[in-house]
Amino acid sequence: MVEQNLGALAEVALTLFFIPFLVYFMLSWQEHARTKAVQLFPQEHRTTAYVALGQISLMMKSFIGGNLVIGLFMSVVSLVVFALLGLPYFYFLGFISGFLSLMPYLGIALAMIPPLTAGMGVLSDAQLLTVAATVLGLHLLALNVLYPKILGKRLQLNPLVVTISLLVWGFVWGAMGLVLAVPIMAALKIICDHVNVLRPIGEWMGD
């Protein structure tokens, strides 16, 4: 069991070790990569490819920035409520719960587990219900108000496509697939919108 856990930790540590290098090269070589990617297309399609890549870049920036803003808002509100209730390690559990709630569908369950587990035996039943109601209320607020306002206009995906993408990419990549499913499908929609043959598919994917 120790060997298996150490192997899993080593794999995670190795992945985290490569992230700074990956980010550095992606930022320093982004113009070169974009230019060379456009040159892979025939001359008559390079302008379209350049525009599509630019829109995908803007979409990804909007998706990451929007999720960060929503996650910070939910984390701060959770932290304040947990602190008022006297939840142990509220400063840590608030941020965990707030960002876990961003995960589609499974987020509400994952966001409730840490604070409810920490509160058992410490908080009263009424306080535990308040914790659960806070997490549920923030999740519904993000899903029905914050996401449409901040991300909806940029992604322009209908709920059916989002659901199918979550099922497919969740099956392929697990939890990471659930996180990346929406931006992947949004990027595919942008590509379909700029290819005449695939344009009907892009319209079907739209909201």
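Predicted model: local features only at pLDDT ≥ 70, side-chain atom pairs only at ≥ 80, totals over all residues.
**Exercise 1. Which side chains meet in a salt bridge (2.7 Å, N to O)?**

Residues are numbered from 1 along each chain as its sequence is written, and side-chain values use heavy atoms, with hydrogens and water left out.

*Solution.* 
- Start with the rule: a salt bridge is a side-chain nitrogen of Lys or Arg within 4 Å of a carboxyl oxygen of Asp or Glu.
- Applying that rule gives a count of one salt bridge.
- The partners are Asp-193 and Lys-189, with 2.7 Å from N to O.
- Now look at the spacing: both sit in helix α8 (residues 175–193), four residues apart, so about one helical turn separates Asp-193 and Lys-189.
- Asp-193 has 27% relative accessibility and so counts as partly exposed, while Lys-189, at 8%, counts as buried.

**Exercise 2. Work out how many helices and strands the protein chain has.**

*Solution.* 
- Elements are DSSP runs numbered from the N terminus: helices are H or I with at least four residues, strands are E with at least two.
- The tally is nine helices and zero strands.
- Of the 207 residues in the chain, 31% are buried.
- Take contacts (heavy atoms within 4.5 Å). Among those between residues at least 6 apart in sequence, 60% join residues at least 24 apart.

**Exercise 3. Describe how α3 packs on α4.**

*Solution.* 
- Two packed helices are described by the angle between their axes and the distance between the axes. Axes are lines fitted to C-alpha atoms, for helices over the stretch in contact, and angles run from 0 to 180 degrees between N-to-C directions.
- For α3 (residues 46–85) and α4 (residues 90–100), the angle is about 140° and the axes are 7 Å apart.
- That angle makes α3 oblique to α4; the cut-offs are under 35 degrees for roughly parallel, over 145 for roughly antiparallel, 65 to 115 for roughly perpendicular, and oblique for the rest.
- The contact includes Leu-68, Gly-71 and Phe-82 of α3 and Phe-90, Tyr-91 and Gly-98 of α4.
- Sorted by class, this contact has eleven nonpolar, six polar and no charged residues. Here Ala, Val, Leu, Ile, Met, Phe, Trp, Tyr, Cys and Pro are nonpolar, Asp, Glu, Lys and Arg are charged, and the others, Gly among them, are polar.
- Zoom in on Gly-98, which lies in α4: with 1% relative accessibility, Gly-98 counts as buried.
- Leaving out residues up to four places away in sequence, Gly-98 touches Gly-71, Met-74 and Ser-75.

**Exercise 4. Find the angle at which α4 and α5 pack.**

*Solution.* 
- With α5 spanning residues 107–119, the angle is about 165° and the axes are 7 Å apart.
- So α4 is roughly antiparallel to α5.
- On the α4 side you'll find Leu-93, Ile-96, Ser-97 and Leu-100, which meet residues of α5 including Gly-107, Leu-110 and Pro-114.
- This contact splits into eight nonpolar, two polar and no charged residues.

Terms used. Buried < 20%, exposed > 50% of the residue type's maximum accessible area, 1.4 Å probe, protein only.
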